[in-house]
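Biologist: I am new to this protein. Walk me through the terms used for it, and say what each one rests on.

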Amino acid sequence: IQADGTDGNCVTFVLHDEDHTLGNSLRYMVMKNPDVEFCGYCITHPSESKINFRIQTRGALPAVEPFRKGLNDLMGVCQHVLSTFE
């Protein structure tokens, strides 16, 4: 993961070897946070397997915090689905 941005409240994370599967579900989890003002992602090019994932927060919260929380929450949901399925 690379993080590009001059301001800690607005950061673009570059996720390599990922696609819409992670991008859309992570965007959903991050947008549930009321401190997040904007969250979106784009596929750079169909032949490249990476996404640009941008988060902009309100106030003094650094963008890496809702990113980390979104990943942890998504892992929890996936674990729940897996245990229910099994």
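This is a predicted model: local features need pLDDT of at least 70, side-chain atom pairs count only at pLDDT 80 or more; totals for chains, interfaces and linings use all residues.

Biologist: What makes a residue count as buried?

Modeller: Its relative accessible area is under 20%. The residues in that 28% are called buried because they fall under this cut-off.

Biologist: Which elements does the protein have, and in what order do they run from the N terminus?

Modeller: The order is β-β-α-β-β-α. That gives two helices and four strands.

Biologist: Why is the set around Phe13 and Leu26 called a nonpolar core?

Modeller: A nonpolar core takes buried residues of listed types, Phe, Leu, Val, Cys and Ile among them, joined through side-chain atoms within 4.5 Å. The largest such core has 14 residues, so its members meet that rule. Phe13, Leu26, Val30, Cys39, Phe53, Ile55 and Phe67 touch the most other members.

Biologist: Which elements give two or more residues to this core?

Modeller: Strands E2 (10-16), E3 (36-43) and E4 (50-57) do, along with helices H1 (20-31) and H2 (64-85).

Biologist: How do you know that Leu26 is in contact with residues beyond its neighbours in sequence?

Modeller: Contact means heavy atoms within 4.5 Å. Leaving aside neighbours within four places, Phe53, Phe67, Gly70, Leu71 and Leu74 are in contact with Leu26, so each has heavy atoms within that limit of Leu26.

Biologist: What share of contacts joins residues 24 or more positions apart?

Modeller: Such pairs account for 53% of the contacts with a separation of 6 or more.

Key
Residues are numbered from 1 along each chain as its sequence is written. Side-chain values use heavy atoms; hydrogens and water are left out. Buried means under 20% relative accessible area, exposed over 50%, partly exposed in between (1.4 Å probe, protein chains only).
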